[in-house]
Amino acid sequence: MGTGTSQGVPIIACNCKVCTSEDQRDKRLRCSILLTLNQKNVVIDAGPDFRQQMLRTGVRSLEAVLLTHEHNDHVIGLDDVRPFNFRQRQAMPIYAVPRVQKEVKSRFSYVFQPSPYPGAPNLELKHMDKSQPFEIAGMHFQPIEVMHGKMPVLGFRVGDFTYITDAKTISPEELDKVRGTRLLVLNALHHKEHHSHLNLEQALAIINEVQPEQAYLTHISHQMGRHDEISELLPPGVALAYDGLRLQTNINR
(Lines give C-alpha, C1' and ligand atoms only; values in the text may rest on other atoms or scores of the structure.)
Protein backbone atom coordinates (compact mmCIF):
# COMPACT_ATOMS: atom_id res chain seq x y z
CA MET A 1 0.00 0.00 0.00
CA GLY A 2 3.00 2.29 0.49
CA THR A 3 6.68 2.01 -0.49
CA GLY A 4 8.10 5.42 0.44
CA THR A 5 10.18 6.85 3.26
CA SER A 6 8.94 8.87 6.22
CA GLN A 7 8.45 11.94 4.01
CA GLY A 8 6.85 10.02 1.16
CA VAL A 9 7.58 10.67 -2.51
CA PRO A 10 7.20 13.29 -3.88
CA ILE A 11 8.62 15.31 -1.01
CA ILE A 12 7.04 18.68 -0.21
CA ALA A 13 8.78 21.54 -2.07
CA CYS A 14 11.21 19.25 -3.92
CA ASN A 15 11.58 19.67 -7.69
CA CYS A 16 14.04 16.83 -8.35
CA LYS A 17 13.45 14.51 -11.31
CA VAL A 18 11.86 11.85 -9.09
CA CYS A 19 9.51 14.17 -7.21
CA THR A 20 8.37 15.75 -10.48
CA SER A 21 8.07 12.43 -12.33
CA GLU A 22 4.72 11.67 -13.96
CA ASP A 23 5.32 7.92 -13.57
CA GLN A 24 2.83 6.68 -10.95
CA ARG A 25 5.46 4.22 -9.69
CA ASP A 26 7.46 7.23 -8.46
CA LYS A 27 4.60 8.39 -6.23
CA ARG A 28 5.12 6.62 -2.91
CA LEU A 29 2.99 6.77 0.22
CA ARG A 30 4.45 5.79 3.59
CA CYS A 31 5.32 2.10 4.05
CA SER A 32 2.48 -0.31 4.68
CA ILE A 33 1.31 -3.67 3.37
CA LEU A 34 -2.05 -5.44 3.24
CA LEU A 35 -2.29 -9.24 3.55
CA THR A 36 -5.50 -10.94 2.46
CA LEU A 37 -6.51 -14.58 2.93
CA ASN A 38 -10.05 -15.88 2.39
CA GLN A 39 -11.40 -12.30 2.43
CA LYS A 40 -9.74 -11.64 5.80
CA ASN A 41 -7.42 -8.63 5.93
CA VAL A 42 -4.40 -7.77 8.07
CA VAL A 43 -2.36 -4.58 7.72
CA ILE A 44 1.28 -4.15 8.71
CA ASP A 45 1.83 -0.55 9.88
CA ALA A 46 -0.62 2.36 9.82
CA GLY A 47 1.21 5.55 9.00
CA PRO A 48 -0.11 9.01 8.10
CA ASP A 49 -1.44 7.74 4.74
CA PHE A 50 -3.51 4.90 6.27
CA ARG A 51 -6.88 6.49 5.43
CA GLN A 52 -5.89 7.13 1.82
CA GLN A 53 -4.50 3.61 1.50
CA MET A 54 -7.66 2.00 2.82
CA LEU A 55 -9.80 4.04 0.43
CA ARG A 56 -7.54 3.21 -2.48
CA THR A 57 -7.61 -0.56 -1.82
CA GLY A 58 -11.35 -0.63 -1.14
CA VAL A 59 -10.94 -2.63 2.07
CA ARG A 60 -14.25 -2.92 3.95
CA SER A 61 -13.15 -5.09 6.89
CA LEU A 62 -9.95 -5.41 8.87
CA GLU A 63 -8.96 -8.14 11.32
CA ALA A 64 -5.86 -6.53 12.86
CA VAL A 65 -2.98 -4.07 12.53
CA LEU A 66 0.60 -5.18 13.21
CA LEU A 67 3.19 -2.55 14.12
CA THR A 68 6.83 -3.00 13.18
CA HIS A 69 7.95 -0.13 15.43
CA GLU A 70 6.81 3.18 16.86
CA HIS A 71 8.07 5.80 14.40
CA ASN A 72 5.34 8.16 13.24
CA ASP A 73 5.41 7.03 9.62
CA HIS A 74 4.33 3.58 10.87
CA VAL A 75 1.80 4.35 13.62
CA ILE A 76 0.32 7.83 13.41
CA GLY A 77 -2.65 6.76 11.26
CA LEU A 78 -4.12 4.52 13.95
CA ASP A 79 -6.88 7.04 14.68
CA ASP A 80 -8.31 6.18 11.28
CA VAL A 81 -9.30 2.65 12.32
CA ARG A 82 -12.50 4.27 13.64
CA PRO A 83 -14.63 3.41 10.59
CA PHE A 84 -13.73 -0.25 11.13
CA ASN A 85 -14.67 0.05 14.81
CA PHE A 86 -18.08 1.45 13.84
CA ARG A 87 -18.66 -0.98 10.97
CA GLN A 88 -17.47 -4.12 12.80
CA ARG A 89 -18.74 -3.03 16.23
CA GLN A 90 -15.62 -4.14 18.04
CA ALA A 91 -12.17 -2.99 19.08
CA MET A 92 -9.33 -3.18 16.56
CA PRO A 93 -6.55 -5.57 17.67
CA ILE A 94 -3.18 -3.78 17.49
CA TYR A 95 -0.22 -6.18 17.75
CA ALA A 96 2.97 -4.60 19.11
CA VAL A 97 5.87 -5.25 21.46
CA PRO A 98 5.61 -3.62 24.93
CA ARG A 99 7.89 -0.71 24.01
CA VAL A 100 5.72 0.17 21.02
CA GLN A 101 2.52 -0.27 23.05
CA LYS A 102 3.84 2.31 25.52
CA GLU A 103 4.45 4.80 22.69
CA VAL A 104 0.98 4.18 21.23
CA LYS A 105 -0.57 4.89 24.63
CA SER A 106 1.42 8.12 24.85
CA ARG A 107 0.66 9.44 21.35
CA PHE A 108 -2.98 8.39 21.49
CA SER A 109 -3.55 9.07 25.18
CA TYR A 110 -7.14 10.21 24.51
CA VAL A 111 -7.94 6.66 23.38
CA PHE A 112 -6.88 5.09 26.66
CA GLN A 113 -8.59 7.46 29.10
CA PRO A 114 -10.97 5.81 31.62
CA SER A 115 -13.89 7.43 29.79
CA PRO A 116 -12.78 8.23 26.23
CA TYR A 117 -14.92 10.69 24.32
CA PRO A 118 -17.66 9.22 22.11
CA GLY A 119 -16.29 8.41 18.67
CA ALA A 120 -12.69 7.88 19.79
CA PRO A 121 -10.99 4.91 18.16
CA ASN A 122 -11.22 1.63 20.05
CA LEU A 123 -7.78 -0.02 20.09
CA GLU A 124 -7.08 -3.36 21.78
CA LEU A 125 -3.33 -3.72 22.31
CA LYS A 126 -2.03 -7.26 21.80
CA HIS A 127 1.35 -8.52 23.02
CA MET A 128 3.97 -9.53 20.49
CA ASP A 129 7.64 -10.55 20.76
CA LYS A 130 10.28 -11.83 18.35
CA SER A 131 10.35 -15.38 19.69
CA GLN A 132 6.63 -16.16 19.62
CA PRO A 133 4.87 -16.99 16.34
CA PHE A 134 1.15 -16.22 16.32
CA GLU A 135 -1.88 -16.60 14.09
CA ILE A 136 -4.46 -14.10 12.84
CA ALA A 137 -7.33 -15.07 10.54
CA GLY A 138 -5.58 -18.23 9.38
CA MET A 139 -2.29 -16.44 8.71
CA HIS A 140 0.73 -17.72 10.64
CA PHE A 141 3.15 -14.89 11.53
CA GLN A 142 6.79 -15.48 12.44
CA PRO A 143 8.30 -12.26 13.85
CA ILE A 144 11.83 -11.40 12.72
CA GLU A 145 13.85 -8.88 14.71
CA VAL A 146 16.02 -6.49 12.73
CA MET A 147 17.94 -3.44 13.89
CA HIS A 148 16.92 0.04 12.72
CA GLY A 149 20.16 1.65 13.84
CA LYS A 150 20.02 0.88 17.57
CA MET A 151 16.25 0.32 17.61
CA PRO A 152 14.84 -3.23 17.39
CA VAL A 153 12.16 -3.45 14.71
CA LEU A 154 10.03 -6.44 13.72
CA GLY A 155 9.64 -7.87 10.26
CA PHE A 156 7.35 -10.81 9.57
CA ARG A 157 7.42 -14.08 7.69
CA VAL A 158 4.01 -15.41 6.66
CA GLY A 159 4.24 -18.75 4.85
CA ASP A 160 6.73 -18.32 2.02
CA PHE A 161 6.52 -14.51 2.11
CA THR A 162 8.75 -12.22 4.21
CA TYR A 163 8.33 -8.48 4.79
CA ILE A 164 11.11 -6.40 6.35
CA THR A 165 11.21 -2.62 6.53
CA ASP A 166 13.47 -0.09 8.28
CA ALA A 167 16.34 -2.55 8.73
CA LYS A 168 20.02 -1.65 8.91
CA THR A 169 21.36 -4.97 10.21
CA ILE A 170 19.97 -8.49 10.73
CA SER A 171 21.64 -10.99 13.05
CA PRO A 172 22.53 -14.46 11.68
CA GLU A 173 19.93 -16.03 14.00
CA GLU A 174 17.13 -13.79 12.74
CA LEU A 175 18.24 -14.11 9.12
CA ASP A 176 17.86 -17.89 9.47
CA LYS A 177 14.10 -17.26 9.86
CA VAL A 178 14.08 -15.69 6.41
CA ARG A 179 15.83 -18.54 4.58
CA GLY A 180 13.56 -20.52 2.28
CA THR A 181 11.38 -17.49 1.60
CA ARG A 182 9.96 -17.46 -1.92
CA LEU A 183 9.04 -13.76 -1.93
CA LEU A 184 11.07 -11.22 0.05
CA VAL A 185 10.24 -7.54 0.49
CA LEU A 186 13.20 -5.64 1.97
CA ASN A 187 13.97 -1.97 2.54
CA ALA A 188 16.57 -0.12 0.49
CA LEU A 189 16.69 3.63 1.10
CA HIS A 190 19.04 4.89 -1.61
CA HIS A 191 22.65 4.45 -2.76
CA LYS A 192 24.64 6.10 0.03
CA GLU A 193 25.56 4.82 3.48
CA HIS A 194 22.87 5.54 6.10
CA HIS A 195 23.03 5.15 9.88
CA SER A 196 19.73 3.27 10.28
CA HIS A 197 18.66 1.95 6.87
CA LEU A 198 20.06 -0.47 4.33
CA ASN A 199 21.25 1.16 1.15
CA LEU A 200 20.84 -0.53 -2.22
CA GLU A 201 24.18 -2.35 -2.14
CA GLN A 202 23.57 -3.69 1.37
CA ALA A 203 20.02 -4.82 0.56
CA LEU A 204 21.25 -6.65 -2.54
CA ALA A 205 23.90 -8.42 -0.45
CA ILE A 206 21.22 -9.78 1.93
CA ILE A 207 19.03 -10.82 -1.00
CA ASN A 208 21.98 -12.63 -2.56
CA GLU A 209 22.56 -14.51 0.70
CA VAL A 210 18.90 -15.48 1.21
CA GLN A 211 18.30 -16.32 -2.47
CA PRO A 212 14.52 -15.84 -2.65
CA GLU A 213 12.74 -16.62 -5.89
CA GLN A 214 11.85 -12.92 -6.16
CA ALA A 215 12.75 -9.87 -4.08
CA TYR A 216 11.17 -6.42 -4.00
CA LEU A 217 12.72 -3.28 -2.53
CA THR A 218 10.65 -0.89 -0.41
CA HIS A 219 11.02 2.18 1.87
CA ILE A 220 12.53 3.99 -1.09
CA SER A 221 13.77 7.59 -1.00
CA HIS A 222 13.58 10.04 -3.88
CA GLN A 223 17.38 9.86 -3.78
CA MET A 224 17.21 6.29 -5.10
CA GLY A 225 16.29 7.57 -8.57
CA ARG A 226 13.39 7.13 -10.96
CA HIS A 227 11.69 3.76 -11.02
CA ASP A 228 12.35 3.15 -14.71
CA GLU A 229 16.03 4.09 -14.49
CA ILE A 230 16.87 2.03 -11.38
CA SER A 231 14.90 -1.01 -12.59
CA GLU A 232 17.33 -1.38 -15.49
CA LEU A 233 20.26 -1.62 -13.05
CA LEU A 234 18.87 -4.33 -10.76
CA PRO A 235 19.93 -7.99 -11.05
CA PRO A 236 17.48 -10.70 -12.18
CA GLY A 237 14.93 -11.58 -9.50
CA VAL A 238 15.07 -8.13 -7.86
CA ALA A 239 12.66 -5.27 -8.53
CA LEU A 240 11.59 -1.97 -7.00
CA ALA A 241 8.23 -2.32 -5.30
CA TYR A 242 5.64 0.37 -6.04
CA ASP A 243 2.36 1.46 -4.51
CA GLY A 244 -0.45 -0.79 -5.69
CA LEU A 245 1.80 -3.80 -6.38
CA ARG A 246 -0.13 -7.05 -5.84
CA LEU A 247 1.60 -10.36 -5.11
CA GLN A 248 0.20 -13.87 -4.82
CA THR A 249 1.88 -16.28 -2.43
CA ASN A 250 1.14 -18.93 0.21
CA ILE A 251 0.46 -17.18 3.55
CA ASN A 252 -1.66 -19.80 5.33
CA ARG A 253 1.12 -22.00 6.66
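Predicted model: local features only at pLDDT ≥ 70, side-chain atom pairs only at ≥ 80, totals over all residues.

Me: What happens at the start of helix 6?
Reply: A side-chain oxygen of asparagine 199 comes to within 3.2 Å of the backbone nitrogen of glutamate 201 there.

Me: And which residue follows the helix?
Reply: Glutamine 211 follows helix 6, and its phi is positive, near 60°.

Me: Now helix 4. Which residues are buried there?
Reply: Helix 4 is residues 98-107, with Val100, Gln101 and Val104 buried. Down the axis of helix 4 these buried residues fall within an arc of 105°, so they line one face of the helix.

Me: What do they pack against?
Reply: The buried residues of helix 4 pack against strand 4 and strand 5 (123-127). The face turned away from them carries Lys102 and Ser106, which are exposed.

Me: Switching to the cores. Which residues touch the most other members in the largest nonpolar core?
Reply: Leu66, Leu67, Leu78 and Phe141 do, out of the 47 residues in that core. Strand 4 (residues 92-96) gives the most to this core, with 4 residues.

Me: What is leucine 78 in contact with?
Reply: Apart from neighbours within four places in sequence, leucine 78 is in contact with Ala46, Val65, Leu67, Ile94, Val104, Phe108, Pro121 and Leu123.

Me: How many residues are in the second, separate core?
Reply: That core has 26 residues, including Val153, Leu200, Leu217 and Ile230. Leu200 is also among the buried residues of helix 6.

Me: Next, asparagine 187. Where is it, and is it buried or exposed?
Reply: Asparagine 187 is in strand 10. With a relative accessible area of 0%, asparagine 187 is buried.

Me: What lies 2.9 Å from a polar atom of its side chain?
Reply: The backbone oxygen of alanine 167 does. Setting aside neighbours within four places in sequence, the contacts of asparagine 187 include Ala167, Ala203, Thr218 and His219.

Me: Where is histidine 219, then?
Reply: Histidine 219 is in the loop between strand 11 and helix 7. Its relative accessible area is 3%, so histidine 219 is buried. The phi of histidine 219 is near 55°, a positive value in a residue other than glycine.

Me: Which loop holds histidine 222?
Reply: Histidine 222 is in the loop between strand 11 and helix 7 (227-231).

Me: Why does histidine 222 count as buried at 18%?
Reply: The cut-off for buried is under 20% relative accessible area, so histidine 222 at 18% counts as buried. Leaving aside neighbours within four places in sequence, histidine 222 is in contact with Val9, Ile11, Cys14, Cys16, Val18 and Cys19.

Me: Which peptide bond is cis?
Reply: The one from valine 9 to proline 10 is cis, with omega near 5°. Proline 10 lies in the segment before strand 1.

Me: Last topic, the largest pocket. What is its volume?
Reply: The volume is about 750 Å³. Of the 29 residues that line the largest pocket, the closest to its centre are Ile33, Leu34, Leu245, Arg246 and Leu247.

Me: Which element gives the most to the lining?
Reply: Strand 1 gives the most, with 5 residues. The elements that give two or more residues to the lining are strand 1 (33-37), helix 1 (50-57), strand 9 (161-164) and strand 11.

Terms used
Residues numbered from 1 in each chain as written. Heavy atoms only, no water. Core = buried A, V, L, I, M, F, W, Y, C linked by side-chain atoms within 4.5 Å. Buried < 20%, exposed > 50% of the residue type's maximum accessible area, 1.4 Å probe, protein only. Contact = heavy atoms within 4.5 Å. Polar contact = N/O pair within 3.5 Å; in protein donor to acceptor, adjacent residues only side chain to side chain. 1 Å grid on protein atoms, 1.4 Å probe; cavity = no way out; pocket = protein on both sides within 12 Å on 5 of 7 lines; lining within 4 Å. Points joined across faces, edges and corners; volume = space filled by probe spheres on them. Arc of directions from axis to C-beta.
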